[in-house]
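This report describes one protein chain for a reader who has not seen it before. Please look over the sequence and the structure before reading on.

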Amino acid sequence: MSESVSHVVCLNQVNFHWSKSLEAVIDIPEFSMRRGESVFLQGASGSGKTTLLSLIAAVLQPQSGQVSVDGVELGTLRGGQRDQFRVDRIGLVFQQFNLLPFLSVSENIQLPCRFSKLRRSQAVHAGKSIDEETDRLLSAMHLSASDIKNRKVTDLSVGQQQRVAVARALIGRPKLIIADEPTSALDSDTRQAFLQLLFSEVHAAGCTLLFVSHDASLGSMFDRSVNLKDINLAANNSDMLGATG
């Protein structure tokens, strides 16, 4: 099996710096994720986690090197192609959830299907209809569809909003789920229960999971744990400058 088939994420000699600075924020010789793998990525604040996620999610482009997701080299995509690729292939769970307050719970979950025919088709295949798949995902997240699907997301607790955000990322079974510090507002017991729900649904959907957090205690729950400073030479260089400054 070729690397492009067996891996969902492949980074090769990726270098990124902000336009007004020549100092690299990301300098990663190699990083990859196998199809179906769950990877815990740990990194301190300012270590480049958000920048790396933006490169993998086709939001940013590196100055050099290659970033491939699901066999597609992102540097070959232009303009709207990058946006369409993101909504087709990647489910995003943000730290602040980014739910739309003027939409209901079900409308928030179904949002990716409004912009992606692929996600809509796969959601229908999984649940027979968009509404049925929405209800199924809510149930999988231990939320009662009949109780909350027509409510505004602003009426929900933080924990409920978090699980709605995960259902939105999962609908239509994208190849890659990226979760950026989604458990930072939860206590230890709630965090563990949430992760078990996430793993169960990600596995059922056949997704690959990249989970980012500064909380190293979560790493043992994943297939593989990676510290950003071990793969990002720029982070090491920054540490060295700080130690000698």
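**The chain as a whole**

The model is predicted. Its protein chain has an average pLDDT of 89, and 94% of the residues reach at least 70. Residues 239-245 are a stretch where pLDDT stays under 50. For this stretch the model has one contact beyond four places in sequence.

The protein chain contains 12 helices and nine strands. Its C-alpha trace spans about 60 × 40 × 35 Å along the principal axes. A compact globule of 245 residues would have a radius of gyration near 18 Å, and the protein chain agrees with this because its value is 18 Å.

Of the 245 residues, 50% are buried. Among contacts in the protein chain with a separation of 6 or more, 73% are between residues 24 or more positions apart. The accessible surface of the protein chain is about 11,700 Å², and carbon and sulfur atoms account for 49% of that surface.

Helix H9 covers residues 158-170. With 13 residues at 1.5 Å a residue, H9 should span 18 Å; its end C-alpha atoms are 19 Å apart, so the model agrees with the expectation. H9 is mostly covered, with 11 of its 13 residues buried. Among the buried residues of H9 are Gly159, Gln161, Arg163, Arg168 and Leu170. After H9 comes Gly172, which has a positive phi near 80 degrees.

Helix H2 covers residues 49-56. H2 is also mostly covered: seven of its eight residues are buried. These buried residues are Lys49, Thr51, Leu52, Leu53, Ser54, Leu55 and Ile56. Ala58 follows H2 and has a positive phi, near 65 degrees.

**Positive phi away from glycine**

Gln13, in strand S1 (residues 7-16), has a phi of about 55 degrees. Phe97 has a phi of about 70 degrees and is found in the loop between strand S6 (90-93) and H4.

**Burial of selected residues**

| Residue | Relative accessible area | Class |
|---|---|---|
| Thr134 | 1% | buried |
| Phe97 | 7% | buried |
| Ser106 | 12% | buried |
| Ser21 | 31% | partly exposed |
| Gln61 | 41% | partly exposed |

**Ser106 and Thr134**

Which residues does Ser106 contact, leaving aside its neighbours within four places in sequence? They are Thr134, Lys149 and Asn150. Ser106 itself is part of helix H4 (residues 105-109). Because its relative accessibility is 12%, Ser106 counts as buried. The side chains of Ser106 and Ser104 are joined by a polar contact of 3.3 Å.

Thr134 belongs to helix H7 (residues 130-140). With a relative accessible area of 1%, Thr134 is buried. Not counting residues up to four places away in sequence, Thr134 touches Ser106, Ile109, Gln110 and Ile171. One of these, Gln110, also makes a side-chain polar contact of 3.0 Å with Thr134.

Gln61 sits in the loop between helix H2 and strand S4 (64-69). Is Gln61 buried or partly exposed? At 41% relative accessibility, Gln61 counts as partly exposed. Leaving aside neighbours within four places in sequence, Gln61 is in contact with Phe16, Leu55, Gly75, Leu77, Arg78 and Arg82. Of these, Leu55 is one of the buried residues of H2. Thr76 is 15 residues from Gln61 in sequence, and their C-alpha atoms are 11 Å apart in space.

Ser21 is in the loop between S1 and strand S2 (26-34). Its relative accessibility of 31% makes Ser21 partly exposed. Between Ser21 and Ser116 there are 36 Å from C-alpha to C-alpha, with the two residues 95 apart along the chain.

How values were computed
Residues numbered from 1 in each chain as written. Heavy atoms only, no water. Helix = DSSP H or I, 4+ residues; strand = E, 2+ residues; numbered from the N terminus. Expected span 1.5 Å × (residues − 1). Buried < 20%, exposed > 50% of the residue type's maximum accessible area, 1.4 Å probe, protein only. pLDDT = per-residue confidence, 0-100. Contact = heavy atoms within 4.5 Å. Rg over C-alpha atoms; globule rule 2.2 N^0.38 Å. Areas by Shrake-Rupley, 256 points an atom, 1.4 Å probe, with all protein chains shown as cover. Polar contact = N/O pair within 3.5 Å; in protein donor to acceptor, adjacent residues only side chain to side chain.
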